[in-house]
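Please look over the sequence and the model shown here. A short report follows it.

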Amino acid sequence: MDVDNIHDLFHNSSYSLPTLLDKLNILFTLHINQIDSFDLNIVDYKLLEEIKEYSSTDGINLYFGKTLRDIKCVIEDDIGRKHEIFIYSFGSKKLHVNATLPCSHLINHDYESLGDIVRTFTKIVSDLSCYFHQLEQIDQLCAVMDPESPTFREDYRRIYLDDRTWLHVEVTADGLATNIHLVGNTEEWHNKLQTGLLQWDHDKNIVENILTMFELPSFSFPSAISPTKEVDDISVSVCRICLCVELPGLCGLPQPLCKNYACGVFFHRACLYQWLIACAGYQLADFGVATGLCPNCLQPIDCDEKDN
Amino acid sequence: MAAMSPSERRLQKELMSLMKEPPPGVTVDGDQASQNLTLWTVHMEGVPGTLYEGEKFVLQFKFTNKYPFDSPEVTFVGNNIPVHPHVYSNGHICLSILTDDWSPALSVQSVCLSIVSMLSSCKEKKRPPDNSFYVKTCNKNPKKTKWWYHDDSV
């Protein structure tokens with residue numbers, strides 16, 4: 001049997017399995033010395049070539065994961081932050097990407113080649129330099145209440161001001177603050193926010209602006225959370241309705257939604273909304289804002305269906 | 001094990017905290033409740049120094065899958081139903097937080113405490129005035145009763 005025929009062995013389905021095994025056996029025992037190498041199209045040579053090419057590029061490191069299809073690409077940015085891009089190859093010209101970056105449209109998207117991915121993400125990483133810097137500062141200096149474990153994927157931060165009030169800030173790709181508002185606002189913070197927003201200086205860091213706006217010397221931390229974020233007692237932030245912190249299937253952590261300063265309980269927006277519309281006889285709320293009484297202190301409360 | 005529904009998760013947490021730190025005189029049958037999270041049996045002792053001192057009562061809690069948006073169905077069961085102006089001889093309890101004034105911020109523990117305090121503040125052991133009529137005509141589920149709460153003093 002000829003070595004060239006090995007292709008036919010695999011690509012011709014006319015053999016039954018025992019026949020195939022027999023033929024392979026004969027091939028290997030009799031012709032073992034003649035077989036140098038053969039191509040079964042199992043290996044994606046193009047991808048391997050690309051990996052070889054990019055692993056010698058500066059600022060880019062490539063690693064294999066559990067299989068040859070799992071590749072990790074580490075892109076270093078201008079100040080040496082390492083951004084990990086996880087790539088999975090579904091076969092030739094079909095690469096899937098996952099990364100803790102804010103650009104979901106680029107992540108849930110298939111790429112044709114490793115080169116595409118490296119070019120796209122090197123550009124993003126360099127474009128987002130200000131964005132990374134601002135978020136990093138917030139995460140270092142403030143008590144971030146939400147997201148629970150902040151990464152660069154989330155473009156917002158909810159910063160602890162006091163037990164009843166958080167500040168919501170979103171960061172644009174250029175590193176500017178947007179959609180700044182209070183969660184569980186009380187009048188005192190609200191007034192400062194109103195006047196402070198007018199004097200917001202986009203040339204300064206977000207953290208500095210927040211400190212100036214609220215006339216704070218530094219950020220305070222909730223008693224249960226030390227700056228190192230070792231949370232022992234999470235009961236402070238449990239939703240009073242479902243008694244949980246995380247709600248399966250719904251994003252968002254419990255928030256101080258009741259504006260009564262004496263109340264001090266937290267709710268998931270979805271739990272509170274569900275209760276308020278249940279009290280109203282399951283009628284849809286006007287403009288998506290349900291109103292009623294706080295389940296805890298029975299003071300008037302309202303709840304937006306969506307988290308703005 | 002299948003994923004727990006939000007109501008089961010909440011009941012599980014309540015059960016754990018009630019077993020760990022029960023209010024005085026209150027014990028929950030943890031084995032039974034963990035077998036079936038929607039049906040709990042709670043044992044309650046009359047508070048010393050009140051009319052119910054030395055008595056033992058059994059409460060039954062039934063939960064729907066809408067709990068805590070839906071209030072629990074709470075009744076006294078067993079041989080000893082407390083003789084009290086708000087407790088019918090079939091075990092039904094006339095207590096506003098069990099129906100109209102229910103809130104999801106309440107819990108099994110707070111319901112137990114309300115019932116303990118309702119019993120403890122009683123000055124005369126007697127059945128509600130409409131007891132015999134009510135017991136004959138009522139639905140098995142006390143939540144189907146349109147209660148009107150005559151007084152808040154007991």
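The report covers fold, rings, a surface patch, a helix and salt bridges.

This is a predicted model: local features need pLDDT of at least 70, side-chain atom pairs count only at pLDDT 80 or more, and totals for chains, interfaces and linings use all residues. Residues are numbered from 1 along each chain as its sequence is written, chains are lettered from A and ligands numbered from 1 in the order in which they are written, and side-chain values use heavy atoms, with hydrogens and water left out.

**Chain B overall**

Chain B has four helices and four strands. Helices (H or I, at least four residues) and strands (E, at least two) are DSSP runs, numbered from the N terminus. Along the sequence the pattern reads α-β-α-β-β-β-α-α. Of the 154 residues in chain B, 44% are buried. Buried means under 20% relative accessible area, exposed over 50%, and partly exposed in between (1.4 Å probe, protein chains only). Contacts are heavy atoms within 4.5 Å. Among contacts in chain B with a separation of 6 or more, 59% join residues 24 or more positions apart. The accessible surface of chain B is about 8,200 Å², and carbon and sulfur atoms hold 53% of that. Such areas come from the Shrake-Rupley method with a 1.4 Å probe; for residues, only the protein chains shown count as cover.

**Rings**

Over all chains, the structure has 13 aromatic pairs. Rings of Phe, Tyr and Trp (its six-membered ring) pair if their centres lie within 6.5 Å; planes under 30 degrees apart are stacked, over 60 edge-to-face, and the rest tilted. B:Phe61 and B:Phe63 are stacked, at 6.1 Å centre to centre and 20° between the planes. B:Phe63 also pairs with B:Tyr67, here edge-to-face, at 4.8 Å and 70°.

In chain A, A:Lys72 sits over the face of A:Tyr63, 5.2 Å from the ring centre. A:Lys94 does likewise over A:Phe90, at 5.3 Å. The criterion is NZ of Lys or CZ of Arg within 6 Å of the ring centre and within 35 degrees of the ring normal.

**A buried helix in chain A**

Helix α8 (residues 206-213) of chain A is largely enclosed by the rest of the structure, because six of its eight residues are buried. Among them are A:Ile206, A:Leu211 and A:Met213. The buried residues of α8(A) pack against α6 (129-141), β7 (156-162), β8 (165-171), β9 (177-183) and α7 (187-198) of chain A. After α8(A) comes A:Glu215, with a positive phi near 55°.

**Salt bridges**

Twelve salt bridges occur over all chains. Each needs a side-chain nitrogen of Lys or Arg within 4 Å of a carboxyl oxygen of Asp or Glu.

| Salt bridge | N to O distance |
|---|---|
| A:Asp77 and A:Arg81 | 2.8 Å |
| A:Arg158 and A:Asp146 | 3.8 Å |
| B:Glu124 and B:Lys126 | 4.0 Å |

B:Lys126 is partly exposed, at 42% relative accessibility. Salt bridges that share partners join A:Asp77, A:Arg81 and A:Glu136 into one network. A:Asp77 is buried at 8% relative accessible area, and A:Arg81 is buried at 10%. A:Arg158 and A:Asp146 are buried too.

**Surface patch**

A:Tyr45, A:Leu48, A:Phe64 and A:Leu68 form a nonpolar surface patch with about 420 Å² of accessible area together. Patch residues have over 30% relative accessible area and no salt bridge; like charges are joined within 9 Å, nonpolar side chains (Val, Leu, Ile, Met, Phe, Trp, Tyr) within 5 Å. A:Phe64 is partly exposed at 41%.
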